[in-house]
Amino acid sequence: MKGKFIAVAVAAIFSVVLAGSAMAEEINAYMGTSPENNVKIVNFIKQKTGITVNQTFQSFGEIEAKVKAEAPNFNADIIVGCGSPLAFMAQKNGWAVPYVSSGWKGVSEVFMDKEGSWYNIANFSFVLVGNKDRLAKAGYSMPKSWKELLDPKWKGEIIMPSPLSSGTANMMRFAFLALYGDDAGWKYIADLDKNIHHYTRSGNAPTDLVGRGEFMLGLTSDENVKKRLDDGYPLIWTVPDEGTGYDGTFALILKGTKKQATAKKVIDVLGTPEFSALMAEIGYVTPRPAPNKLYGQTLPKYIKIDLGKAAEDRPKNNDLWKQKFRTEFK
Amino acid sequence: MATAELSVKLQSSSGSKIKDFLNANMVNILAAFLFLLLAFFLLYPIAAVLIKSLRGPSGFTLQYYQNFFSKNYYYQSLINTLLLGAINTAVCLVIGFCLAYMTTRGPWILRKPLKIISLIPLIAPPYLFALSLIILFGRNGLVTRALDLHWELYGFGGVVISQTLAFIPLAYMMIESTLMSLNPNLEESAYDMGASEATILRTITIPLLAPGLLKAALLIFVMTIAEFGNAAILGGRTPFLAPDTYTMITGESDFNMGSVLSVVLIAPCILIFFIHNYLLEGKKFTTIGGKPVASEPRKITPLIKVPFVIITTVAAGAIFVCFAVVFVASFYKILGVTHNIVLSNYLDFTSNQAIYNSIRVSFVAAVIGAVIGVLLAYVIVRGKFFGRNFIEMVSLSGFALPGTVLGIGYLLAFSAPPLKLTGGIMILALNCVFRFLAVGVEAGISKLHQIHIEIEEASADLGASFLTTFYRIVLPIMFPAFIAGFLYTFMTAIVSLSAVVFLVSPGFELAAVMIFDKAVYGEVGLASATTMKLVLIVVICMMILNYISNKTRLGSSMKKTAAV
């Protein structure tokens, strides 16, 4: 008898566990901003439209790989936050559903595709961060130019993301190539490599590792620096004299979605001034101008970048990077 | 049996013919069905990985393998991985044995606390130790700063230490259960006859434990080379295959090279699997889930006692400290940087859904896994069909299968129609079922070997149908195996990162993956608090399960006495 009772109980739990998910308007998204910013965006959308966005955090590079692997049967309905390589690739291969959103009326064309294949919800750049305490203890001052990072005194004290998995690192690499030209650019990257302790998986990780004093300097994505400063990390940040690169954070509707109407509502709300204000508050440069939390009124100096070419060159540059830095074990 | 068949034939009318046929051939039908499941969910994904590693855009090629072996980087990666596996396995076995010896043969007061300390980390994600180590011994860690040390945690050494700490609990759990099922009378009589402790250990305990130790070694080796959390966080520039495979697939979406890396990862595992089988040939099984026998505390000679106590103290102390760090860290925004105690990490509910999902997946996987495990064991032991050995080998091969391989395999095999399973709970659950199946199957096999087939035959002779016999006789006997399979699958599925990380999809986040992301992102407080919540919930689940299984074990043993 007891056995039967337990069998029934297990079966009951089993069916409850297997079933169970909400009925409200829902959408599945790939979101590549940091985990904490993803949550902010999800909450914003929920608050403004009532739509529940399901997401798992992945870096830009990982989302790109996933979408490429899944094409053309995507497991998500929409992307909110991927890098330019994927946005351009999706446009080219027809993976995106074009939609001209009324919510984006009046936004500069730099931030949106004419046919509505992609929308750039926020620009981000990379900055140099340093650990105040560690720098003071070593008696070093914060470098003023990228060239200064080549000084042997930084050996093993600089950390940056890996371009194989991070979109931010891809942007850094392309910015240096654009700044110095191909030959001198690669030479700079190779020289810098001698001082790099190791390459992290995600573009934000260096901020944290430098903040905790594990390393003195870090090349990192700018979007999270403000939050880390507020959290109380002993951080100092700067944009070196030569300037910085930039990339967009793109949103697009994935082909094959059964929830186009919901997806369009999400795209619409991303074009509102309130959303720009939210992203600027985090530290992004936004499609609708809003005071930026990190930079204030004056935006940093930008290195001139062709995002389309950056996207196209990415595989080639990845191969080159691997050839240079991953063939021999160091 | 023969008379039964005869009488069945005599009585059979056309209507019950089908029923009789079913009764007589149930084992074969079941076997065929189970084999289909194995082929589909285990062999097919592995084959998919193999094929992917051999097929480029223009047909079959060895180019990817050539690529692997011609590059120093990968070569080094392979060596590091194997070295890590070997060191890890050896150290875990020694420490696990010492801990298990102390908790089964040592003084009473030590047993419970040691056992709890050794088992608690089992339900925390393995890479937790990397986090704790950075907080304590990182370049700017609390201990490093306090003692003004200059060492380098990032690299091979750091990975070995964190990975070893992470897998001691598994080693302990497996060795402890074999030690428990070892009848202490043998050792005690040797002791009474004047044999020294060392002699007893050398000539009785360890030889009798050998099969269990070997199994534990195999399992730890396979798990350790596939689990990539610690290596990804602490590896620095030292390459290891598991995190490389992960970057290759998720970062570069290079499925060809990713497949090559995982095939290379399988090869040593298979080799060790066969060595293990060869060494165990003809030896009696001493397995997980045997009958536990409490042994009286023994006077342990100082020669044995001193090293055992030292090893035990160091290991348990290290585990305890690392775990305590996580506990403390969960109350700080960032431990070591900010200094106010906060509860905000616990009040952050974004991870609740992920924890819930993890428990759902593990529960579903554990139920399905335990059922399939028991059925497979039955078919393997009682079946008389062609290919029985093959089924046995396939279902036990899970022991030798690194998680990354099945993760990639499932991604390759089930992400496109008509077999689209990605996105949702079932692919995650099924993946866990077939990865962790081996433990349940083996426990089932050893249980079935303990009872003679005559009881079942008697039942059939008395006119019971196959199902009745199975339900009334086989199931109660196999219940401990069912529980063993269930618990192992449940616990490993909840914390393991290596395969599921490829399979999570939006709206279906798992706690282990989420904690990893938070940890890598430096949200140490949140990661720690989520871990503590997970541990708490799993402990409660385990207590409930334990309660249920105790009740039923009582019930089934009563049934057994009634049957006798």
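This is a predicted model: local features need pLDDT of at least 70, side-chain atom pairs count only at pLDDT 80 or more; totals for chains, interfaces and linings use all residues.
Let me start with one pair of side chains: A:E36 and A:R228 form a salt bridge, with their closest N and O atoms 3.6 Å apart, where a salt bridge is a side-chain nitrogen of Lys or Arg within 4 Å of a carboxyl oxygen of Asp or Glu. A:E36 and A:R228 also belong to a network of salt bridges that includes A:K227 and A:D231.

Residues are numbered from 1 along each chain as its sequence is written, chains are lettered from A and ligands numbered from 1 in the order in which they are written, and side-chain values use heavy atoms, with hydrogens and water left out.

Now to the domains of chain A. The assignment, which is automatic or from a database, gives domain 1 as 25-123 + 247-282 and domain 2 as 126-245 + 302-325, and their C-alpha centres lie 26 Å apart. In contact, meaning heavy atoms within 4.5 Å, are 15 residues of domain 1 of chain A and 15 residues of domain 2 of chain A. Together these domains bury about 1300 Å², 50% of it on carbon and sulfur atoms; buried area here is the accessible area (1.4 Å probe) that two parts lose on being put together, summed over both. On the side of domain 1 of chain A, 32% of the area buried against domain 2 of chain A comes from A:E36, A:P85 and A:D247, more than from any other three residues.

How many salt bridges are there between domain 1 of chain A and domain 2 of chain A? The count is three.

Another salt bridge in chain A joins A:R314 to A:E64, again with the closest N and O atoms 3.6 Å apart. This pair links distant parts of the chain, since A:R314 is in helix α12 (residues 307-325) and A:E64 in helix α3 of chain A, 250 residues apart; helices (H or I, at least four residues) and strands (E, at least two) are DSSP runs, numbered from the N terminus. Are these residues, A:R314 and A:E64, buried or exposed? A:R314 counts as buried at 4% relative accessibility, and A:E64 is buried as well, at 6%, where buried means under 20% relative accessible area, exposed over 50%, and partly exposed in between (1.4 Å probe, protein chains only). A:D208 and A:R212 form a salt bridge too, at 3.2 Å between the closest N and O atoms, and both residues are buried.

Turning to chain B, B:E152 forms a salt bridge with B:R139, the closest N and O atoms being 3.1 Å apart. B:E152 lies in the loop between α7 and α8 of chain B and B:R139 in the loop between α6 (128-137) and α7, so the pair ties together parts that are 13 residues apart in sequence. B:E152 counts as partly exposed, at 42% relative accessibility.

Finally, the two chains together. Chain A contributes 66 residues and chain B 61 residues to their contact, and the chains bury about 5300 Å² between them, 57% of it on carbon and sulfur atoms. Three salt bridges are counted between chain A and chain B, and A:R201 and B:D517 meet in a salt bridge at 3.1 Å, N to O. Helix α1 (residues 2-18) of chain A supplies eight residues, the largest share of the side of chain A that touches chain B.
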